[in-house]
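This briefing covers nonpolar packing and charge pairing in one protein model. Please look over the sequence and structure before reading the points below.

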Amino acid sequence: MLCRKETNRARRCPLSAETTFDDTAGPATHHTPHSLHTALLRIAPAVGLFAAARLTGLLLMSAWAWHIGRRPRAILGRAWDADWYMLIAEHGYGRVLTWPGAVQNDLAFFPLYPGLVRGLSYAVPDRITSGSVGLLVSWSAALVAAAGIYAVGERLHGRRTATVLVLLWGLLPHSVVLTMAYTEPLLTAFAAWSLYALLTRRWLWAAVLAVLAGLSRPNGIAVAAAVLCVVAYELVRGGRGDPRLWAAAALAPTGWCGYVLWVGFRTGDPLGGYFAVQRGWTSTFDFGAGAARVVRDIALRPVALPLTMALLIVLVSVVLFALLVLARPPAALLVYTGVLVLITIGGSGFFESKPRFLLPAFPLLLPVAVALTKARPRAAIAVIAALAGLSFGYGTYLLTLSPMAL
């Protein structure tokens, strides 16, 4: 096979769904766990570390919020976009707010998350608010996402690196979003497990999860892109007789495309209606022109801290993406992450929210996780402790003191 390089450890073509990295910790074995119990035992330590990190950040934020006279549950469950989602869950679509230079239509928000909140609300007592139900959905999704990130990391690099990868994801400066009634945890959960399904050649599972990801957030299209890329390669390589590949290719983009078309028909412009709604929010894809103007403003005059931090996080993400490319990951991870980074950099509007848009791009952390696994324990602990301090402190600032929407 021309794309295989003969080394001490054979390595498949980067487009192959079975590509593995070289790592001193060793890749995970590729057999199916004997039982769900065994799988949970393998995943539990990493998910436990993630939960401990986010719970610590949540407690610190809550303590400060109470100190300044604010209610933590209201901050987490009804602030900014969370309020839009809860209103959709309670009343359906139809809310439009008009501001100077902007028309905010709730059709910009994808339906799966508020649909889950609405459905679960019927199963809980009436005294439990939709905001609390939204937090339950988000927190559960964050744990499922952490498990999926571990599964991907373990398959590529082994248990130690996978555990560090999950912990890093929970200690990002903007990981406080994972404890809010936002959709990033839900998208990441579907994305991580869809990527794992691609790595293990479960084409239909990958496509179904891509459909759900596409119904979760606008950038959920990145999951469908990963599925289509890998499936296309498998078809070209000789899998044209496998009906599962054709079904996966047809199914993967239907979630995202279906909602975009539904908004278009509802607004009277089938192909352009959704994008017109996004323009009303001053959100368009302009290949980075709008972001460049914000960067110029940051360089020339004093700006709020979230803008400066957003710029630093985006720049670091670009560097991490370059390192990921050099590591030659499986095509599924590279395409998924590349689309997320492209959407984030190329989109205009809400520059301060760009770090949040990158939260689902967990493969960016793989080079760091590998490096920390190989580093001396004292150095690794120092780096993780510094990240924890930044995450807890900056997360508290974002939710309690920041003048800008998250």
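Buried means under 20% relative accessible area, exposed means over 50%, and partly exposed lies in between (1.4 Å probe, protein chains only). This is a predicted model, in which local features need pLDDT of at least 70 and side-chain atom pairs count only at pLDDT 80 or more, while totals for chains, interfaces and linings use all residues. Residues are numbered from 1 along each chain as its sequence is written, and side-chain values use heavy atoms, with hydrogens and water left out.

**Nonpolar cores**

- A nonpolar core is a set of buried Ala, Val, Leu, Ile, Met, Phe, Trp, Tyr and Cys residues joined through side-chain atoms within 4.5 Å.
- The largest such core has 108 residues, and those touching the most other members include Trp169, Leu195 and Tyr336.
- Helix 5 (residues 130-157) gives this core its largest share, 12 residues; helices here are DSSP runs of H or I, at least four residues, numbered from the N terminus.
- Another core, of 7 residues, lies apart from it and has Phe351 and Met404 among its members.

**Salt bridges**

- The structure holds 11 salt bridges, each a side-chain nitrogen of Lys or Arg within 4 Å of a carboxyl oxygen of Asp or Glu.
- Glu234 pairs with Arg201, their closest N and O atoms being 3.1 Å apart.
- Because Glu234 lies in helix 9 and Arg201 in the loop between helix 7 and helix 8, this pair ties together parts 33 residues apart in sequence.
- Glu234 is buried at 4% relative accessible area, whereas Arg201 is partly exposed at 25%.
- Glu184 and Arg217, both buried, form a salt bridge with closest N and O atoms 3.2 Å apart.
- A network of salt bridges links Asp81, Glu184, Arg217 and Arg356.

Definitions and conventions:
Helices (H or I, at least four residues) and strands (E, at least two) are DSSP runs, numbered from the N terminus.
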